[in-house]
Amino acid sequence: MTRLHMPTGIALAGLLLLVAALPATALAQAQPLTLTMNAQNNSGISGTATFTDMGNGQTRVVIQATGAGAGPEPAHIHPGSCDQLDPTPAYTLSSVVNGSSTTNVDTSLQQLLDGHYAVHMHKSQDELTVYVACADIVQSANRPGALPNTGNLGDDWTGAVAIVAGLGLVGLGVGLRRRALRSPSSSS
Ligand SMILES: [Cu+2]
């Protein structure tokens, strides 16, 4: 008799559930991501940059800045980090006027997160070399406020439940298989 046998359908269902839990976790990143833009070079300008994946490879970027005056302040997404910015922009955003800017860029939020990017503002068109506010585009850091993102927590929780349920079903399937092997009806 073969004790190491193919798992039963239940165990298989458990494995499928485990696999299904992975995209559920990836979907968590479709939530809007709000980053704090910190002042640079004593500009007195700070604010937030909110990224919302619109689907179809589009992400809406909304900058809300305080201390920026009427502007306009040119804004971009650059490769690199706020500390080490590649001076060539990857995506040009609408200039910040009266402290706000909204732009749809041709990239998914996931691609922005997977790459190494920062979003920042320049002092003016004539003073492009002076950077006034910046945020690194990362999932977990630079979040304004102390409260955790409940949307992400919820999705992570769902993923964890699916994983636990999946492991449980795998265990149940193996258990049933063992019992079936022991029962007289399943002579081999
Ligand atoms: Cu720039």
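Why does N41 count as exposed? Select N41 and look around it: N41 counts as exposed because it has 12 C-beta neighbours inside 10 Å. The cut-offs behind that word are these: a residue is buried if 20 or more other C-beta atoms lie within 10 Å of its own, exposed if 12 or fewer, and partly exposed in between, with C-beta atoms placed from the backbone.

Before going on, note that this is a predicted model, in which local features need pLDDT of at least 70 and side-chain atom pairs count only at pLDDT 80 or more, while totals for chains, interfaces and linings use all residues. Residues are numbered from 1 along each chain as its sequence is written.

**The loop between β1 and β2**

Stay with N41, which lies in the loop between β1 and β2, and then select N42, which is found in that loop as well. N42 counts as exposed because it has 7 C-beta neighbours inside 10 Å. Most residues other than glycine have a negative phi, and most peptide bonds are trans. N41, however, has a positive phi of about 55 degrees although it is not a glycine, and phi of N42 is near 55 degrees, again a positive value.

**The sheet**

Now colour the strands, which are DSSP runs (E, at least two residues), numbered like the helices (H or I, at least four) from the N terminus. Two strands pair if DSSP finds at least two bridges between them.

Next, select β1 (residues 33-39), which two bridges join to β8 (residues 131-136), and find N38, which stands opposite C134 in β8. On to β2 (residues 46-55), which pairs with β1 over five bridges; here A49 is the bridge partner of L35. Between β2 and β3 (residues 58-66) there are nine bridges, and T52 has R60 in β3 as its bridge partner.

**The core and a cis bond**

Select A49, A65 and A135, the residues with the most contacts inside the largest nonpolar core, which has 27 residues. Such a core is a set of buried Ala, Val, Leu, Ile, Met, Phe, Trp, Tyr and Cys residues joined through C-beta atoms within 7 Å. The largest share of this core, five residues, comes from β8.

Finally, select P72 in the loop between β3 and β4, where the peptide bond from G71 to P72 is cis, with omega near 0 degrees.
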